[in-house]
Amino acid sequence: MAEERWHHCEVPYTRYEVSDQGRVRNAHTGRILKPKMIYSGYLVVCLNYKGESKMKFVHRLVALAFVPGWREGLEVNHKNGDKTDNRADNLEWVTHSENHRHSRDVLLKDVKPVALIDDNGHLRYVFNSAEACKRAMGGSVSAHISTRCRFHGFKPLYISVPMYREIVHLVNVHHYTPHGAWIEANININGDESK
């Protein structure tokens, strides 16, 4: 394991240091500050300057010290989606739209994955959202699901995010993108596999 690196916090809070592992300490005493989780799930620490206290986001302190690419208007994104994992290698500078897209397409927040089933009851395609299915195949899959009509010759249905992740990571896929996959094996939606 690499040695933890420390860097002074941004001006005017230079009496504090932040580490590439997401910890903050008093540079004079070496005392590690205990972060507090706020309602949004992010960790903050209280930094003092000339008698005034200010809450600062730990992920932003780490990114400013260790993550290259900062420019005005960028946000810090947690690559793995864990707002408490403030290691420098888990952080990146992104635009607001990139941050939103990562949340939707990679972390699958606020989406309903879609599965397309063939006539034999085997899973043939999965998409991380109805929008991804529409981009790949054309047409409104949501309308077909709600009316229980076939979609491009398949029975469409919504599946859970955990089921989508399990399918994409555990079964033999012929083609995979960040948005969906074509299934090579004959996988029954209940999890049975046939040849």
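I looked up the surface first: the protein exposes about 11,800 Å², and carbon and sulfur atoms supply 51% of it. These accessible areas come from the Shrake-Rupley method with a 1.4 Å probe; for residues, only the protein chains shown count as cover. The model is predicted, so local features need pLDDT of at least 70 and side-chain atom pairs pLDDT 80 or more, while totals for chains, interfaces and linings use all residues. Residues are numbered from 1 along each chain as its sequence is written, and side-chain values use heavy atoms, without hydrogens and water.

Of the 195 residues, 38% count as buried (under 20% relative accessible area, 1.4 Å probe, protein chains only). I found five helices and 14 strands (DSSP runs, H or I of at least four residues and E of at least two, numbered from the N terminus).

Next I took an open sheet of three strands, in the order β4-β5-β6, with antiparallel pairing (two strands pair if DSSP finds at least two bridges between them). Its edge strands are β4 (36-37) and β6 (52-57), each pairing on one side only. Strand β5 (residues 43-49) joins β6 over six bridges. V44 stands opposite F57 in β6.

Which residues does H59 touch? I noted its place in helix α1. Leaving out residues up to four places away in sequence, H59 touches Y42, V76, H78, N86 and L91 (contact means heavy atoms within 4.5 Å). H59 counts as buried because its relative accessibility is 8%.

Technical notes. Buried < 20%, exposed > 50% of the residue type's maximum accessible area, 1.4 Å probe, protein only.
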